Every structure is written in structure tokens, then in C-alpha cells.
Amino acid sequence: MTTTQRLGGRTALVTGGSRGIGRAISRRLAREGALVAVHYGHNQDAAERTVKEIGADGGRAFAVHAELGVPGDAATLWAAFDEGLSGQDAEPGVDILVNNAGITLPRPLAHVTEEDYDRVFAVNTKAPFFIVQGALDRLRDGGRIVNISTGVTRFAFPPIVAYAMTKGALDVLTTNLAQELGPRGITVNAVAPGFTETEINPTLADPQIRKRYSDHSVFGRLGQPADIADVVSFLVSDDGRWVTGQWIDATGGVHLGV
Ligand code: NAP
């Protein structure tokens with residue numbers, strides 16, 4: 001089977017699906033036939049634009065709003081998802097959950113406040129934990145969960161230590177969930193991007209920083225959102241059925257050697 005329509009009949013929820021890496025994942029999964037719930041937290045225009053782009057490509061999508069990192073966020077998200085889905089011609093439930101929404105915290109340990117720390121953990125760690133909890137009864141057997149991690153859980157990068165810790169916890173969730181959900185045929189994996197060109201990295205506008213980050217990859221360039229979406233697409237397809245509990249490096253070979 002080609003990749004065309006290999007996700008036909010499936011429903012996917014991509015958190016932070018409106019922009020950056022999530023947008024590329026949403027577009028890719030929709031191109032393969034999935035009905036995609038494009039989640040966003042603040043930027044409704046971006047979410048609507050992504051939904052429109054998917055429609056223009058011949059796919060199906062709807063926007064789902066829920067701010068993450070606030071009390072009750074996961075419940076709000078699932079209520080919005082259920083409501084949005086009821087307006088589509090689809091069965092209740094979900095086949096693919098991509099926990100992608102996240103924020104960064106570009107501060108070394110000495111400059112991280114308690115407020116910063118709580119915020120980045122609330123969005124990047126606590127929210128996906130409870131989103132997964134809410135997914136347990138909605139996720140169909142044979143389903144897929146992908147958690148978007150980061151290369152900095154493999155190698156040290158002290159300028160963003162608290163952020164790296166949030167994703168380290170997500171990696172632990174990934175292996176534990178894979179064990180728990182295996183009997184239902186559900187795979188759970190983490191995909192770890194490296195330096196990827198999105199709005200999360202405004203410093204990439206500086207040519208010197210671009211060059212420095214590009215040089216970290218063995219390919220000598222920054223990652224593009226589609227580089228990550230292609231990996232996710234494999235994992236959520238039937239081709240990925242025998243891969244679970246894994247941390248998949250999608251950094252373009254950052255820091256492979258000394
Ligand atoms: P991005 O371009 O800034 O997009 C972030 C997405 O998450 C947006 O859709 C945003 O929606 C949503 N989001 C952020 N905070 C939210 C909140 N509090 N509530 C609800 N939604 C929220 O970021 P990205 O670079 O694509 O990053 C996607 C994922 O990849 C993140 O988990 C990030 O940690 C990870 N990652 C990125 C890189 C990189 O270099 N880009 C590297 C490694 C890992 P709204 O704007 O509507 O809130």
C-alpha cells in the first residue's frame with residue numbers, strides 16, 4: 001500500500017496542531033486520510049488557517065480550542081474534541097493522539113523562577129499526562145499515541161534545562177504507557193526533534209545562531225517541521241505496528257559523536 005489514504009477511517013487529535021511541527025503533522029495525517037482535530041490554545045487564526053489548508057488539500061479537519069497549563073485543561077480539551085467530532089460524520093472516539101503542544105523555557109538553572117518552572121511543567125508534562133488519562137476510554141484498540149519529546153533528553157544542553165526535564169518525564173510516560181496499552185494493540189512512542197525551524201525558536205532569525213544550530217546536525221541544516229511529521233506518519237500507520245515504547249531520534253544526527 002502507498003502512503004495515500006493509509007489512515008482512511010481514522011480520527012486523530014494533534015495537540016498544538018495549528019502551528020509549527022503540529023501543523024505539519026496535522027497536514028500529513030490528513031493527507032493520508034485521517035480526520036484531524038487541530039488543537040490550539042491561543043491563536044485561533046492559525047488553527048483555522050491549518051484547517052482550511054487541509055480542506056484545500058482534499059482532507060478533513062476541525063479546530064479544537066483548549067488552553068493547556070491551566071486547571072482542568074485536559075477535561076476542557078476532551079469536551080471540545082467530543083463536541084467538534086459530533087459535528088463531523090464520524091464515530092465517537094479517537095485512533096491517534098499526538099501530544100505535540102509545548103512551550104520552551106530558554107533560561108539556565110540560575111535564572112529559572114518557581115513560576116517559570118511550574119508553567120513549563122504544567123504545559124509540557126502535566127497536560128499530556130491528563131490528556132492521555134482522558135484518552136484511555138476514547139482510544140480505540142489498535143490505536144496510536146506519539147509524544148513529541150526533544151533531543152535534549154539525550155544530550156546535555158544546560159541553557160534549557162527545565163524544559164529538557166519536562167520532556168524527560170514525557171519519555172518515562174512513553175515507556176510506561178507502551179507497557180500498559182500493549183495488550184490493546186496500542187503503540188506509544190516518543191519522537192525527538194532537534195533544532196527545528198518554527199516560531200518556538202525566534203533566535204533562528206539571527207544568521208549566526210542559525211549557522212551554529214545547523215552545524216549541530218550531521219546534515220548541516222536545521223530540521224523542518226515536515227522532517228518530524230514524516231516520522232510520526234510512519235509510527236501511526238499500520239507499518240509502525242511493531243514499534244512501541246521507543247524514543248525515536250529525529251534530530252538529524254545532532255551530537256552523534258564527540
Ligand atoms: P510552536 O511553533 O511554538 O507551536 C506550538 C503549538 O503548541 C501551537 O500550536 C500552540 O498553539 C500550542 N501551544 C503552546 N502552548 C500552548 C498552551 N498553553 N495551550 C494550548 N496550546 C499551546 O512550537 P513547535 O516548535 O512546533 O513545537 C512543537 C513541539 O515540538 C513542542 O512540544 C516542542 O517542545 C517540541 N520540540 C520543538 C523543537 C524545535 O526546535 N522547534 C525541538 C524539540 C522539540 P497556540 O499558539 O494557539 O497556543
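**Aromatic pairs and a surface patch**

The structure holds seven aromatic pairs. Rings of Phe, Tyr and Trp (its six-membered ring) pair if their centres lie within 6.5 Å; planes under 30 degrees apart count as stacked, over 60 as edge-to-face and the rest as tilted. This is a predicted model, in which local features need pLDDT of at least 70 and side-chain atom pairs count only at pLDDT 80 or more, while totals for chains, interfaces and linings use all residues. Residues are numbered from 1 along each chain as its sequence is written, and side-chain values use heavy atoms, with hydrogens and water left out.

The ring centres of F62 and F81 are 6.2 Å apart and the planes stand at 40°, so this pair is tilted. Because F62 lies in strand β3 (residues 60-65) and F81 in helix α3 (residues 73-86), the pair ties together parts that are 19 residues apart in sequence. Helices (H or I, at least four residues) and strands (E, at least two) are DSSP runs, numbered from the N terminus. Both F62 and F81 are buried; buried means under 20% relative accessible area, exposed over 50%, and partly exposed in between (1.4 Å probe, protein chains only). F62, W78 and F81 form one aromatic cluster.

Y117 and F121 are four residues apart in helix α4 (residues 114-135), so about one helical turn separates them. Y117 counts as partly exposed, at 33% relative accessibility, whereas F121 is buried at 18%.

Elsewhere, F219 sits in the loop between α6 (207-216) and α7 (225-236). With a relative accessible area of 62%, F219 is exposed.
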